[in-house]
Number of protein chains: 2
Amino acid sequence: MSKSWVVLGVDIGGTTTKFGFVDMYGKCYNETSLPTRADEPAEFLVERLHQAAESQWDALDEEFQLVGIGIGAPNANFYKGTVENPPNLKWGVVNIVDLLRKFYDEEIPIKLTNDANAAALGEMQFGAAQGMKDFIVITLGTGLGSGIVVNGEMVYGHDGFAGEIGHTVAIRNGRACGCGRKGCLETYASASGIRRTVMELLAEKTEPSEMRSISFSEMNGKVIADAAKKGDPIAWEAFQKTGKTLGLALSDAINYTSPEAIIMIGGLAQAGDLLFKPTKEAMDANTLNIFKGKVKLLPSGLKNGNIAILGAAALIWHEILISE
Amino acid sequence: MSKSWVVLGVDIGGTTTKFGFVDMYGKCYNETSLPTRADEPAEFLVERLHQAAESQWDALDEEFQLVGIGIGAPNANFYKGTVENPPNLKWGVVNIVDLLRKFYDEEIPIKLTNDANAAALGEMQFGAAQGMKDFIVITLGTGLGSGIVVNGEMVYGHDGFAGEIGHTVAIRNGRACGCGRKGCLETYASASGIRRTVMELLAEKTEPSEMRSISFSEMNGKVIADAAKKGDPIAWEAFQKTGKTLGLALSDAINYTSPEAIIMIGGLAQAGDLLFKPTKEAMDANTLNIFKGKVKLLPSGLKNGNIAILGAAALIWHEILISE
């Protein structure tokens, strides 16, 4: 391993694809982004990505050496290198690793996994989970993603799709979920989930609230968090309810893999104590005795970096480090 | 590895402790048992166990060579070698591995884990999970135990107590559980759980049923299964309800580790189709789309052997085989 080694970390999102070159310390060079253009074939994105990466590479110091490419993407399969029917991209099933392979020699490893798994690897390599062997990362964005690490290794499962805690059932026969089922955790605990909770509270309660003048479409996690911090009773209660549902789910999750910590990241996790406090309270109150007091609930340890790019790069760094 | 190598497999239960010498093919020699005597100190059991094992060893062919001791016990911790406050044994926290170490040289590895983990290793080495890398074993006895295998390795978790699926909450604020919480899966899906379901049905319904003449104390999984097989409507419905609750819980479990199979073993699993059919139906109906049709629900593959002893021995065989 050399200090001049870098990994190209790529984060494919619904609207933007970001990338940068990440060294073994998690320092990211020449980070930049390009539009994903979800309605065009994936081939086009991969070609544009390659061009953009080449021009950023040329702008780097000559001493650097590319040792791999790690990619995070929605609905991605680590074993196959595919992205499979992501909700925000009209690609069907497409093998991103094969498409990118055309531009890079065989000796450059190219690995892909879903964004939550990438985030978990990023936290393990560079962030809050450094030195941990058993932990869970929960990403609270539009949905709820999860990456589970057991004994220092990512849990991919038999088919490469493990870690769908967002689709465990939080409330039997509860809210309709995008997956076609009902009551999934992510319909409550996510940016879109808390918005639905605000709507429910506006229907139930009579308190005046800023939330009453904002439409469903305009509402998002940040708007609700800002109002809650200013004392808005509906926004505040929405966070209490979200934290409670999430905390109960996490107390169940602990029973599976007995993690040292659960790390909550993503947009809604930016709300900080507003979300962490009720979540921790519900989690601790409902945790099985043998696990009580053992499990930390932590924010991301990647405060200044780009979690998604670092996570994608960690996919390669993790393999380099365990093979040494 | 040699054909004459054997592992002493020990299963410590609440009333009986069983052991035998298990070869690499899962053949068990000189199996025998002794009373556990739960009210005596653990030291006494370990001493009696050693004596009994020595006399069985002397009765074995001279060609055999002891290569390790594997022990399955309730509330056992793999990392520490301890049994910690098992409900049926008045031992507090006791280090079984240390106690047994006094009688065996350092070169003989001694490993201990909980009975459900041992069963999972037994199924992987000798039973239904041979060749599988990702699966879950559910033991349906008085309670519901679970052993989770990910990428060919047992999930012990940060503290050695992972795999408590029996204490995930099946019904929020449901039945009181021995753990002090409410609604745990094992209060519904276990031999004692189905007995409680029968009571509930006897209260709700008016149908004549054999179950009406059996007291709570006399009722057990086998009595209920026998009645259900003869067409008893209450007993039959109890299995339907148990299977439904269990199947829903298993569809959640799949989201964590994406297993190739879930293997159900133990007393209540002996009911066969009576339990497997409603469980599979509920599991398949509620599984997230990406996992649908991928997860097998299987009975034990250790039909003729003693699962507990083979599982305990597999704890050592697994380590020998992965180190080769």
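In which sense do strand S1 (residues 5-12) of chain B and S4(B) pair, and over how many bridges? The two strands pair in the parallel sense, over seven bridges. The model shown is predicted; local features need pLDDT of at least 70, side-chain atom pairs count only at pLDDT 80 or more, and totals for chains, interfaces and linings use all residues. Residues are numbered from 1 along each chain as its sequence is written, while chains are lettered from A and ligands numbered from 1 in the order in which they are written.

View 1. Strands (E, at least two residues) and helices (H or I, at least four) are DSSP runs, numbered from the N terminus, and two strands pair if DSSP finds at least two bridges between them. B:Gln65 in S4(B) stands opposite B:Trp5, and B:Ala73 has B:Asn114 in S8(B) as its bridge partner. Strand S4 (residues 65-73) of chain B is largely enclosed by the rest of the structure, because seven of its nine residues are buried. A residue is buried if 20 or more other C-beta atoms lie within 10 Å of its own, exposed if 12 or fewer, and partly exposed in between, with C-beta atoms placed from the backbone.

**View 2. A three-stranded open sheet in chain A.** The strand order is S5-S6-S7 (chain A), with antiparallel pairing. Strand S5 (76-77) and strand S7 (93-95) of chain A stand at the edges with a single partner strand each, so one side of each is left without a neighbour in the sheet. Strand S6 (residues 82-84) of chain A is joined to S7(A) by three bridges, and A:Glu84 has A:Val93 in S7(A) as its bridge partner.

**View 3. Surroundings of A:Ile96 in the largest nonpolar core.** A nonpolar core is a set of buried Ala, Val, Leu, Ile, Met, Phe, Trp, Tyr and Cys residues joined through C-beta atoms within 7 Å. The largest one has 216 residues, of which A:Ile96, A:Ala313, B:Ile96 and B:Ala313 touch the most other members. Leaving aside neighbours within four places in sequence, A:Ile96 is in contact (C-beta atoms, placed from the backbone, within 7 Å) with residues including A:Ala42, A:Val46, A:Ile71 and A:Leu112.

**View 4. The loop at B:Gly127.** B:Gly127 is found between helix H3 (115-126) and strand S9 (135-140) of chain B. This glycine is buried, with 26 other C-beta atoms within 10 Å. Its C-alpha atom and that of B:Pro299 are separated by 9.7 Å, although the two residues are 172 residues apart along the chain. Leaving aside neighbours within four places in sequence, the contacts of B:Gly127 are B:Gly122, B:Ser300, B:Gly301 and B:Leu302.

**View 5. The contact between chains A and B.** Chain A contributes 32 residues and chain B 32 residues. Helix H6 (233-257) of chain A and strand S10 (144-150) each supply at least two residues of the chain A side; the largest share, four residues, comes from H6(A).

Definitions and conventions: Two residues are in contact if their C-beta atoms, placed from the backbone, lie within 7 Å.
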